[in-house]
Amino acid sequence: MGNQAVSLIGVPTDIGAGHRGASMGPEALRVANLVARLAARGLDVADRGNLQGPMNPWQPPHDGYRHLPAVVEWNRAVYEAVYAELGAGRLPVMLGGDHCLAIGSITAVARHCRENGKQLRVLWLDAHADFNTAQITPSGNIHGMPVACLCGMGPEELTTLGGSKPATSPDVFRQIGIRSVDEGEKRLVREAQVSIFDMRQIDESGMKRVMETALEGVDADTHLHVSFDVDFLDPTIAPGVGTTVRGGPNYREAQLCMEMIADTGRLASLDIVELNPAFDKRNQTAKLAVDLVESLFGKSTLIR
């Protein structure tokens, strides 16, 4: 790992989600000992505490979006915090919160890459493609829209968060573990040509081959961003999420995925999102997430 300095940024909001509770995610990750476990890996860990933002008003959608002004406010705070950590040469770890917050973190990462001549690669570990728009969304929940927003499809306030639109292009994404895509979304991801490795592909080729393909071309000039939605994992091992979808990666597949990312030595920023302690059992999902994040930072099972 090039970067030994890690900053944790708590973002306690479920503003973009369809269930309450992801706002408690940052604390659950801290309770599961994230700071100490990363420090034990030899990393210089700074916990920056939690960002502040508006309360969740829990309103119905307005023009296809729920809570848009509040979502914008939270994402602007995330954008500024993540951009500042990158500028200070540290690796930002955003502790969500729901997945709409990736708009802020990845917009900041993309800007950092443009300014430093880095090529961006985003590994989107998720059960969902998150490529909805106001026109096709079944719910209006913005946590189903971050990838579309980052690719320039969405409300102006979110697509131009970093000053220029779009923040990224679809070709930077590699989506892994996908198994729930809304009808309208299927057409959009096909048109945008997003690289999707769904569960069928993982079943047919195995996680190893999928990760080799997803990481192809990652080199010294690559900034690797991992957006880890905890619902990526199979709900039998990770019940603590609001939107469970059966048939996700098991523990061993998830470990292999994380270890192969760690092996590149290019991890430069991370989101941990959609952990919902309200649905969890004895914090087991948070503990599992911390376990996997340790592997992401190079904890390997074997003495190599």
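Helices here are DSSP runs of H or I with at least four residues, strands are runs of E with at least two, and both are numbered from the N terminus. This is a predicted model, where local features need pLDDT of at least 70, side-chain atom pairs count only at pLDDT 80 or more, and totals for chains, interfaces and linings use all residues. Numbering starts from 1 along each chain as its sequence is written, and side-chain values use heavy atoms, with hydrogens and water left out.

View 1. Just after α9, G265 takes a positive phi of about 70°. At the N-terminal end sits a cap: a side-chain oxygen of N250 lies 3.1 Å from the backbone nitrogen of R252. The 14 residues of α9 (251-264) should span 20 Å at 1.5 Å a residue, and the end C-alpha atoms, 21 Å apart, agree with that; the expected span is 1.5 Å times one less than the number of residues. Among the buried residues of α9 are C257, M258 and I261 (buried: under 20% relative accessible area, 1.4 Å probe, protein chains only). The buried residues of the helix pack against β4 (119-125), α8 (199-214), β7 (222-229) and α10 (284-296).

**View 2. V245 in its loop.** V245 belongs to the loop between β7 and α9. It counts as buried, at 15% relative accessibility. Beyond its neighbours within four places in sequence, V245 is in contact with A127, H128, R179, S180 and P235 (contact: heavy atoms within 4.5 Å). Its C-alpha is 7.3 Å from that of D231, 14 residues away along the chain.

**View 3. Aromatic pairs.** Rings of Phe, Tyr and Trp (its six-membered ring) pair if their centres lie within 6.5 Å, with planes under 30 degrees apart called stacked, over 60 edge-to-face and the rest tilted. The count comes to three pairs.

**View 4. Arginines over rings.** R66 lies over the face of W58, 4.4 Å from the ring centre. R111 does likewise over Y83, at 3.9 Å. The rule asks for NZ of Lys or CZ of Arg within 6 Å of the ring centre and within 35 degrees of the ring normal.

Notes: Buried means under 20% relative accessible area, exposed over 50%, partly exposed in between (1.4 Å probe, protein chains only). A polar contact is a pair of N or O atoms within 3.5 Å; within protein, one must be able to donate a hydrogen and the other to accept it, and residues adjacent in sequence count only if both atoms are side-chain atoms.
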